[in-house]
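Okay, thanks for coming, everyone. Let me put the structure up, and then I'll walk you through it.

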2 protein chains.
Amino acid sequence: MRYQLYYWPMIQGRGEYVRLALEDAGADYTDVARAGNGMAAMMKMMEAKKGTPPFAPPFLKAGALVIGQTANILLYLGARHGLAPKTEGGRLWVHQLQLTIADFVLEIHDTHHPLGPSLYYEDQRAPAKKRTEEFWKERVPKYLGYFEDLVQANGGTYVTGRRLTYADLSLFQIAEGLRYAFPKRMKAFEKNIPGLVALRDRVAARPNIKAYLASDRRIPFNEEGIFRRYKALDL
Amino acid sequence: MRYQLYYWPMIQGRGEYVRLALEDAGADYTDVARAGNGMAAMMKMMEAKKGTPPFAPPFLKAGALVIGQTANILLYLGARHGLAPKTEGGRLWVHQLQLTIADFVLEIHDTHHPLGPSLYYEDQRAPAKKRTEEFWKERVPKYLGYFEDLVQANGGTYVTGRRLTYADLSLFQIAEGLRYAFPKRMKAFEKNIPGLVALRDRVAARPNIKAYLASDRRIPFNEEGIFRRYKALDL
């Protein structure tokens, strides 16, 4: 089956967690909004008044299904492409980790948009600075410390053990994104998370991921996405 | 099977979405942290260095499983207690709606905590006011407008059609919470969402929910939870 991924064409954003899963699985997919009149098609599906219109991108068309919400898409893909355990308990555990990553992603976004997603960063520089301080002081140690403990407790390979799941691909993206957005802060912090850094390297070296990162299918980080490099927030 | 729900004992918070599902289903459960040394038991499970320790409450012990993240718990309960469709597409759709509600809940929390969850409201009054303005101007119409359209498109009974799902119980809680936290703003806004108001009434009238709301198992709203009544934010 050829999947159709719908996501904003100029950013990695939340769509990137889905792209990484599709790429690692070697799945056949089209990144619809990046070509032709894909953007118009995407907007049309969101504005549908019948059926199951998604609230926001990303969403995935898989045969007759249209699946929205990043973690929900990964739940679906994980079961079909060997990116999650087959047992119910295993599947729920990986999904739980992904939902915790999703919470962290929202907090990352809030570092530059504490007053809400509808205002520009330029209109919230001072609160962004305060929120970012709090983020690095309290939240990064809490979230990344949690995942680091799991990696260590499970033998140091992947977050749930010896087999890769979609949650590992997402943790790779988190590490890449924090390195991009906060190069100084992240450099200083990485000594606390050797397991996650090794996991990041392990994911980056997977053949399909390596090929993807070197291709133009991987959109470069930029200041329209979740991870934004604003000097004022890095130190 | 007797479930054990672990959540902070003094607030409705995210645990309430799970409580409403358990109550509507008439499921047998203990709200562990509300009695005896339940709080200590909860903290111990979160601090476990092996197995599948949750990042945060709520989590549900169901036999040998420990399931964390509100939407994940509902995914599990929905399938077992007739609170979600049986088809894969139906299950994913209800879960997608729940994840969209979860995003909205985080934004509701950010109205009083725009600078992050680790600081007190009293230390972020001015940004909270700005964020709340934006929230009611942009975000409430977007989220509640989306759910209102779905209710209307599906015949006006529940959000996915004629049968109640756990997403409807959560939408009830959203309506109750917004009425509590922002009585003036919500009163003015409700004319835009007649379908959701009717859905709220329909849920409130369900016998198990009605009994629950009248019991002391329902913790009253207060200023430690997600929905907080701060006069300065209501007008």
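A word on naming first: helices (H or I, at least four residues) and strands (E, at least two) are DSSP runs, numbered from the N terminus. With that, Val66(A) sits in strand β4, residues 65–68 of chain A.

Quick housekeeping. This is a predicted model, so bear in mind that local features need pLDDT of at least 70, side-chain atom pairs count only at pLDDT 80 or more, and totals for chains, interfaces and linings use all residues. Residues are numbered from 1 along each chain as its sequence is written, chains are lettered from A and ligands numbered from 1 in the order in which they are written, and side-chain values use heavy atoms, with hydrogens and water left out.

Back to Val66(A). What is it in contact with, leaving aside its neighbours within four places in sequence? Contact here means heavy atoms within 4.5 Å. The list is Met45(A), Thr52(A), Pro54(A), Phe59(A), Leu60(A), Lys61(A) and, from the other chain, Gln96(B). Also, Val66(A) and Leu5(A) are 61 residues apart in sequence, but 9.7 Å apart in space, C-alpha to C-alpha.

Now the sheet around it. In chain A, four strands make an open sheet with the order β2-β1-β3-β4 and mixed pairing; two strands pair if DSSP finds at least two bridges between them. The edges are β2 (29–31) and β4 of chain A, each with a single partner strand, so one side of each has no neighbour in the sheet. On average, neighbouring strands are turned by 20 degrees against each other, direction ignored. For angles, axes are lines fitted to C-alpha atoms, for helices over the stretch in contact, and the angles run from 0 to 180 degrees between N-to-C directions.

β3(A), residues 59–62, pairs with β4(A) in the antiparallel sense, over four bridges. One bridge puts Phe59(A) with Gly68(A) in β4(A). Helix α2 of chain A (residues 38–46) lies across β1 (3–6), β3 and β4 of that chain, at about 95 degrees to β3(A).

Two backbone details. Pro57(A) and Pro58(A) are joined by a cis peptide bond, omega about 0 degrees, and Pro58(A) is in the loop between α2 and β3 of chain A. Gln69(A) has a positive phi, near 75 degrees, in a residue other than glycine; look for Gln69(A) in the loop between β4 and α3 (70–80) of chain A.

On to helix packing. α4(A), residues 88–112, packs against α6(A), residues 166–181, at about 20 degrees, with the axes 9 Å apart. That makes the pair roughly parallel, where angles under 35 degrees count as roughly parallel, over 145 as roughly antiparallel, 65 to 115 as roughly perpendicular and the rest as oblique. Among the residues that meet are Ile101(A) and Phe104(A) in α4(A), and Leu171(A) and Ile174(A) in α6(A).

Last, how are the two chains related? A rotation of 180 degrees, with 0.0 Å of shift along its axis, superposes chain B on chain A, RMSD 0.0 Å. So the copies are related as by a two-fold rotation axis. In chain B, Pro114(B) comes closest to the rotation axis, at 2.6 Å (C-alpha).

Methods
Copies are superposed by least squares on the C-alpha atoms of residues with pLDDT of at least 70 in both.
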